[in-house]
Amino acid sequence: MAKDLIIVESPTKAKTIGKILSTSKYTVCASMGHLRDLPKSTIGVDIDNDFEPKYINIRGKGDLIKTLKTQAKKSKKIYLATDPDREGEAISWHLTHILGLDPKEKCRIEFHEITADAVKKALKQPHSIDLDKVDAQQTRRIIDRIIGYKLSPLLWRKICNGLSAGRVQSVALKIIADREKEIAAFVPEEYWTLNVKLRENSKCPIFEAEAVKYKGKKLKLNNDKDAHIAEDALKKAEYIVSAATQSERKRRPMPPFTTSTLQQEANKKLGFSAKKTMMVAQQLYEGVSLGKGQTGLITYMRTDSVRFADSACSEIRNHIEKEYGKEYLPGRPNVFSSQKNSQDAHEAIRPTSIARLPKDIAAHLSPDQRKLYSLIWERAVASQMRDAVYVVTSLDIDAGDYQLRASGSTLKFPGFMKLAGKDAEDEKEKMVPYLAAGTKLQLHKLLPAKQHFTEPPAPFTEATLVKVLEEEGIGRPSTYAPTIQTILARGYVRREAKKLVTTELGRLVLEMLTEHFKKLINEKFSAQMETELDEIAEHKTDKSYILHKFWDEFYEWLKKADTKIIKVPPKISKVHCDKCGELMVIKRGRNGEFLACPGFPKCHNIKPISKGTGFRCPECNGEIVERKSKKGKTFYICENNGENGKTCSFISYDRPTDKKCPECGKLMVEHIERTGRKRLYCIDQNCPKGRPEKKAVKNGK
């Protein structure tokens, strides 16, 4: 008896669905992602023929395509169950061409969570391929291909091989670089603050107040002289409460996770990169073995929506009432607003069953899966709990010509913080007694004035960059992680602890792109393009019109840039080639600068560029130098490591310091943890002050 064939994208997903459905009725296979794509060897787009794409079967997928065709021929009906987004729609469309199906047939099914109910419901509601979604995906693919294959060769000719430019990645690089310029240009301003400790009498609680006004105007203490004048006046002043207020303030729970907010929170709380977050979320979505077969644990993780299905909301509310009591349940479900450019096609990210408590399934999950699942579960439940309620007390206090303010808050009802307390970025409770106007106060202590300086904007982390990309409408949930990964892989940006920092190569590329492609490398242009792709998907505009409009502008920019840009000449170093004696030149690669012999191709000699640190090697007393690995990571190595026949083995990822170990007197090194925290360890791993399980680098790889 012929079975129905269901084709999904990944084997894990196929395995999970295979456990749900009857094996006598269905066969579930995986396409392993895309099976057709544009060729790598050429641009693959016929610009003169209305931008017709030239798709080919992806190399290495021949046997899989043959297997799918064989399976399709003996199947009664074929269902295409690729991911429920534009990319998934395009994969299904390619499958119709490979398998000889009509895209207008009802062969497409979608589900946003891999559960028995969702899969079986989808099989009852098949529909045809959404060709507007396919057009939107193809438009994005074609535009990105044109930019990549026309702009990247320009970078190769003018700067160095191996570089790339892209519509979203170049804008992300510009955002990081612009923030660095803001930080560099920032001039800190000095200011001082002055606080006192007061009480009504010796039997009453002591509380703190800050000087905020002078003769009715905002107090400005610009230097220590101003601060000392205010201190002298407050020492002699009488303190009287001039106004007192007490009110309730509610704090609402955060909305459930979208792709963007999940990446931000996982970066902030767990130290996960955007790429790692999406990889672990994919595993939870596709299914994890819980002892009784594969089970999908979360809903689809590429979404910009903050809404829940009614059934999911009811399940969460029932759990809250059962576990925490009715007082923690709002009268009606909490509703949150999505970003203005949200497509709202899918639900927010949530567990497929709230009954699967993180602690109950922890043994079946890897440490990373456990952490991310707990984060998603807690946010989903907390989002449907009541607000936290604080009692806020504020006192205005007269002290001669000065006015002080004392503010405090105490938690009256924890609400959602009953669940998310320690992870809810809680404000510290601060006790301030409610005292009626006219109450006289005693000065308990005048605290020393504190000097401060205004702070520059913070450098970007992956979390804050993702937030800006989302707010500006640049890219889509599925593109944030690949965009960050690309600029890191190209060597345009590097990670320093959690910070994203542009490299010299990144700044050089950006300078050229900004000068000659200013409109393309622009937040508004990229955001507008995303809007136009949405309009294609919604049948509001035409694919051909958008492509022609883009090409007409881009082609003019390209012609002008090619004639105006001058190739960046290599710098000549003071290092002689040890093979032919020529002065070596400094060249740029993906992972930074290196020394190369100008006698190429006769001489192929290259060397890493070493930067002296001034510290001596603990093994042979040679100088420790700083180098970059092939992956762009900084490490520290003895100058005699493999040089001129010498074989010193010293090498470390941790930066040497001028401090000596208090235990053994050896060199102390600085280790930067994932959180950005710096710790000092002895270079000798066997010393009590040594770093446990210190990982060494081998040959700079």
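## Packing of helices α5 and α18

In this predicted model, helix α5, formed by residues 131–158, packs against helix α18, formed by residues 543–564, with their axes coming within 11 Å and crossing at roughly 5 degrees. Because angles under 35 degrees count as roughly parallel, α5 is described as roughly parallel to α18. Two packed helices are described by the angle between their axes and the distance between the axes.

On the α5 side, the contact is made by D135, Q138, T139, I142, I143, I146, I147, K150, L151, L154, R157 and K158. Their partners in α18 are K543, I546, L547, F550, W551, F554, L558, A561 and D562. By residue class, the contact of α5 with α18 comprises 13 nonpolar, 2 polar and 6 charged residues.

F51 is not a glycine, yet its phi is positive, at about 60 degrees. The residue belongs to the loop between β4 (45–46) and β5 (52–53). With a relative accessibility of 1%, F51 counts as buried, since buried means under 20% relative accessible area.

K215, also not a glycine, has a positive phi of about 50 degrees. Its place is the loop that runs between β10 (207–214) and β11 (217–218). K215 has a relative accessible area of 56% and is therefore exposed, the cut-off for that class being over 50%.

## Surroundings of L99

L99 is part of helix α3, which covers residues 86–99. A relative accessible area of 15% makes L99 buried. When residues up to four places away in sequence are not counted, L99 touches I7, L68, K69 and A72.

The separation between L99 and T563 is 464 residues in sequence. In space, the C-alpha atoms of L99 and T563 are 47 Å apart.

D83 is located in the loop between β7 (78–80) and α3. This residue is buried, its relative accessible area being 6%.

Which residue does the side chain of D83 join through a polar contact of 3.4 Å? The partner is the side chain of Y300.

Terms used: Residues are numbered from 1 along each chain as its sequence is written. This is a predicted model: local features need pLDDT of at least 70, side-chain atom pairs count only at pLDDT 80 or more; totals for chains, interfaces and linings use all residues. Side-chain values use heavy atoms; hydrogens and water are left out. Axes are lines fitted to C-alpha atoms, for helices over the stretch in contact, and angles run from 0 to 180 degrees between N-to-C directions. Helices (H or I, at least four residues) and strands (E, at least two) are DSSP runs, numbered from the N terminus. Angles under 35 degrees count as roughly parallel, over 145 as roughly antiparallel, 65 to 115 as roughly perpendicular and the rest as oblique. Contact means heavy atoms within 4.5 Å. Ala, Val, Leu, Ile, Met, Phe, Trp, Tyr, Cys and Pro count as nonpolar, Asp, Glu, Lys and Arg as charged, and the others, Gly among them, as polar. Buried means under 20% relative accessible area, exposed over 50%, partly exposed in between (1.4 Å probe, protein chains only). A polar contact is a pair of N or O atoms within 3.5 Å; within protein, one must be able to donate a hydrogen and the other to accept it, and residues adjacent in sequence count only if both atoms are side-chain atoms.
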